[in-house]
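Work through the exercises below with the structure in view. Each task is followed by a solution in steps.

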Amino acid sequence: APANGEVKTAEQLAYYVKNGGTATLAANIDLQGNKQGEQGKEWVLDNGSAALNITGNGKYTISNALVKSQKVTEPYVAYSLLGNVVNAKDIVVDGVTIDVDNVEGSTAQLYVGGIGYQGSANGVKVSNLTIDIAEDVKVSRYNEVGGLISAPTAASEKNAVTDLSINVNGN
């Protein structure tokens with residue numbers, strides 16, 4: 001996929017999450033049963049540090065994503081639908097579960113956001129977003145958990161979230 005282009009498949013979306021760039025959703029993308037690697041229904045994040053600028057023009061929906069924790073050896077990990085640095089505009093998201101368990105051997109700082117860790121969300125509509133961080137996960141003051149963008153770096157306006165559930169350490 002090119003650095004700038006249309007996204008019509010889960011594979012194309014995964015490319016942009018990993019490599020960054022500017023992307024426009026050009027179809028509904030249902031991540032249910034997406035089998036990248038051998039992860040089954042999990043949306044496997046291979047999120048690099050390159051920024052993803054994504055727009056959907058309010059027409060298309062990304063749906064049914066399950067993001068699960070995995071062993072991490074880097075200093076930090078960002079769990080979200082679209083990766084680390086995300087500037088999302090006019091996209092619709094329905095049905096995202098971010099499930100973070102204590103993974104043996106991981107020492108990473110934890111950053112969790114529904115859409116991304118850093119960046120912005122403008123005109124984004126999210127429904128049925130669940131963030132669940134297990135009781136045995138160490139959440140320190142350096143970890144950040146937020147609904148859409150856990151550490152916004154630009155103005156985020158005109159967003160709508162319905163059916164949001166954030167459960168940290170059983171609370």
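**Exercise 1.** Find the residue of strand 14 that is the bridge partner of S127, keeping in mind that the model is predicted.

Solution. Start with strand 11, which covers residues 125-133. Strand 11 and strand 14 run parallel and are joined by eight bridges. Within this pairing, S127 has T162 as its bridge partner in strand 14.

**Exercise 2.** Identify the residues of the nonpolar patch on the surface and state which strand gives the most to it.

Solution. The patch is formed by V145, V161, L164 and I166. Together these residues have about 270 Å² of accessible area. Strand 14 gives the most, with three residues. V145 lies in strand 12, which spans residues 144-146. With a relative accessibility of 30%, V145 counts as partly exposed, because that class lies between the 20% limit for buried and the 50% limit for exposed.

**Exercise 3.** Trace the pairing from strand 4 to strand 7 and on to strand 10, and name a residue pair for each step.

Solution. First take strand 4 (residues 52-55) and strand 7 (residues 85-89): they run parallel, with four bridges between them. Here L52 stands opposite V86 of strand 7. Next, strand 7 is joined to strand 10 (residues 116-122) by five bridges, and these two also run parallel. In this second pairing, N87 has S120 of strand 10 as its bridge partner.

**Exercise 4.** Search the whole structure for aromatic pairs: how many are there? Then describe the geometry of the pair formed by Y15 and Y16, and decide whether each of the two residues is buried, partly exposed or exposed.

Solution. The search finds one aromatic pair. Y15 and Y16 form it, with 5.3 Å centre to centre and 90° between the planes. The pair is edge-to-face, because planes over 60 degrees apart count as such. For Y15 the relative accessible area is 29%, so Y15 is partly exposed. For Y16 the relative accessible area is 1%, so Y16 is buried.

Terms used:
Residues are numbered from 1 along each chain as its sequence is written. This is a predicted model: local features need pLDDT of at least 70, side-chain atom pairs count only at pLDDT 80 or more; totals for chains, interfaces and linings use all residues. Side-chain values use heavy atoms; hydrogens and water are left out. Two strands pair if DSSP finds at least two bridges between them. Patches are made of residues with over 30% relative accessible area and no salt bridge: like charges are joined within 9 Å, nonpolar side chains (Val, Leu, Ile, Met, Phe, Trp, Tyr) within 5 Å. Accessible areas come from the Shrake-Rupley method with a 1.4 Å probe; for residues, only the protein chains shown count as cover. A salt bridge is a side-chain nitrogen of Lys or Arg within 4 Å of a carboxyl oxygen of Asp or Glu. Buried means under 20% relative accessible area, exposed over 50%, partly exposed in between (1.4 Å probe, protein chains only). Rings of Phe, Tyr and Trp (its six-membered ring) pair if their centres lie within 6.5 Å; planes under 30 degrees apart count as stacked, over 60 as edge-to-face and the rest as tilted.
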